[in-house]
Amino acid sequence: MMSSSSKNEMMMMMSSSSSRHNEKDQLFHILHKIPQGDTPYVKAKHAQLVEKDPEAAIVLFWKAINAGDRVERALKDMAVVMKQLNRTEEAIEAIKSFRGRCPKQAQESLDNVLIDLYKGNLGWAYMQKSNYLTAEVVHRKAQMIDPDANKACSLGICLIKQGRYDDARLVLEEISQRKIPGSEEIRARNRAAELLMEINTFEPPPSDVSDILGLDDDFLNGLQLLTNEWGPARSKRLPIFEEISSFRDQLAC
């Protein structure tokens, strides 16, 4: 049997150990700037700062936004992570789409985040103003300095908007063929595939009847020869000469 003094000592040790654990846990959250709790936002911050898994963090930030869990902070933090992954366009669209869920006093700070994102992606800013030619120039310069599949998709969109489908196809096919850094990601390849399908919907249908029916040239040439051979003989003279000839025959009678 354990004596009462031994029990007390054990209880004190357990209490001390629990206290040290709580202090360590609090220090951990302070150092990493992670709030305590088990909410989607807390999990997102843990994935971002501790696990160093930005993709998982973005998924959890989305869950936090949809759940109404610290929406303003989740939106801003997600934009930062997206920018680090060269997904600036998505960050801009996310803030524009969900800023309505944030309080009025947060709107100015969200504007500042948008300005910073636009500075990081000048080409996208021009695209938002429908200035696709200038956006194309900016994206091409960016690709020369630091080629990237996401920027290539944006360049493809610029070319599509200008009706330059062949040029856009060349750019997007480089992503499908994994010739550009970042094209190994399935997201980039899927986006390129979607844009290529969009290009196909813009291309005009074949105007030639043989293209529509799928008939080859040899078949059409053979059909023409049969028509000429079996059809009624036709005069190759102009109609006016046919009338003169008929009138002349009448005079002769």
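## Exercises on a predicted helical model

In α9, the residues A149, N150, C153, I157 and I160 meet R187, A188, R191, A192, L195, E198, I199 and F202 of α11. A contact here takes heavy atoms within 4.5 Å. Residues are numbered from 1 along each chain as its sequence is written, and side-chain values use heavy atoms, with hydrogens and water left out.

**Exercise 1. Sort the residues of the contact of α9 with α11 into nonpolar, polar and charged.**

Step 1: Ala, Val, Leu, Ile, Met, Phe, Trp, Tyr, Cys and Pro are nonpolar, Asp, Glu, Lys and Arg are charged, and the others, Gly among them, are polar.

Step 2: go through the two lists.

**Exercise 2. How do α9 and α11 lie relative to each other?**

Step 1: know what to look for. Two packed helices are described by the angle between their axes and the distance between the axes. Axes are lines fitted to C-alpha atoms, for helices over the stretch in contact, and angles run from 0 to 180 degrees between N-to-C directions.

Step 2: find the values. Helix α9 covers residues 149–161 and α11 covers 186–202; they pack at about 10 degrees, with axes 10 Å apart.

Step 3: apply the cut-offs. Under 35 degrees is roughly parallel, over 145 roughly antiparallel, 65 to 115 roughly perpendicular, and the rest oblique. So α9 and α11 are roughly parallel to each other.

**Exercise 3. Now try α5 and α6: what is their angle, and how far apart are their axes?**

Step 1: α5 (residues 88–98) and α6 (residues 107–120) pack at about 160 degrees, with their axes 10 Å apart. These two are therefore roughly antiparallel.

Step 2: the crossing of α5 and α6 is left-handed (the near helix is turned anticlockwise from the far one by less than a right angle; clockwise would be right-handed).

Step 3: look at who meets whom. T88, A91, I92, I95 and K96 in α5 touch L110, V113, L114, L117 and Y118 in α6. Sorted by class, that contact has eight nonpolar residues, one polar and one charged.

**Exercise 4. How many aromatic pairs are there?**

Step 1: set the rule. Rings of Phe, Tyr and Trp (its six-membered ring) pair if their centres lie within 6.5 Å; planes under 30 degrees apart are stacked, over 60 edge-to-face, and the rest tilted. The count comes to two aromatic pairs.

Step 2: take Y41 and F61. Their ring centres are 6.0 Å apart and their planes stand at 50 degrees, so this pair is tilted.

Step 3: check how covered they are. Buried means under 20% relative accessible area, exposed over 50%, partly exposed in between (1.4 Å probe, protein chains only). Y41 is buried at 1%, and F61 is buried at 0%.

Step 4: move on to W62 and F98. With ring centres 5.3 Å apart and planes at 65 degrees, the pair is edge-to-face. W62 sits in α3 and F98 in α5, 36 residues apart. W62 is partly exposed at 27%, while F98 is buried at 18%.

**Exercise 5. Is H139 buried or exposed?**

Step 1: find H139 in helix α8. Its relative accessibility is 1%, so H139 is buried.

Step 2: list its partners. Leaving aside neighbours within four places in sequence, H139 is in contact with N121, G123, W124, M127, K151, S154, L155 and C158.

Step 3: compare with Q143, which is also placed in α8 (residues 132–145). Q143 is buried, with a relative accessible area of 13%. Not counting residues up to four places away, Q143 touches D148, K151, A152 and I180.

**Exercise 6. Where does K52 lie?**

Step 1: K52 is in the loop between α2 (40–49) and α3 (54–67).

Step 2: phi of K52 is near 55 degrees, a positive value in a residue other than glycine. K52 is exposed, at 61% relative accessible area.

**Exercise 7. How many helices and strands does the protein have?**

Step 1: helices (H or I, at least four residues) and strands (E, at least two) are DSSP runs, numbered from the N terminus.

Step 2: the tally is 14 helices and zero strands. Of the 253 residues, 30% are buried.

Definitions and conventions. This is a predicted model: local features need pLDDT of at least 70, side-chain atom pairs count only at pLDDT 80 or more; totals for chains, interfaces and linings use all residues.
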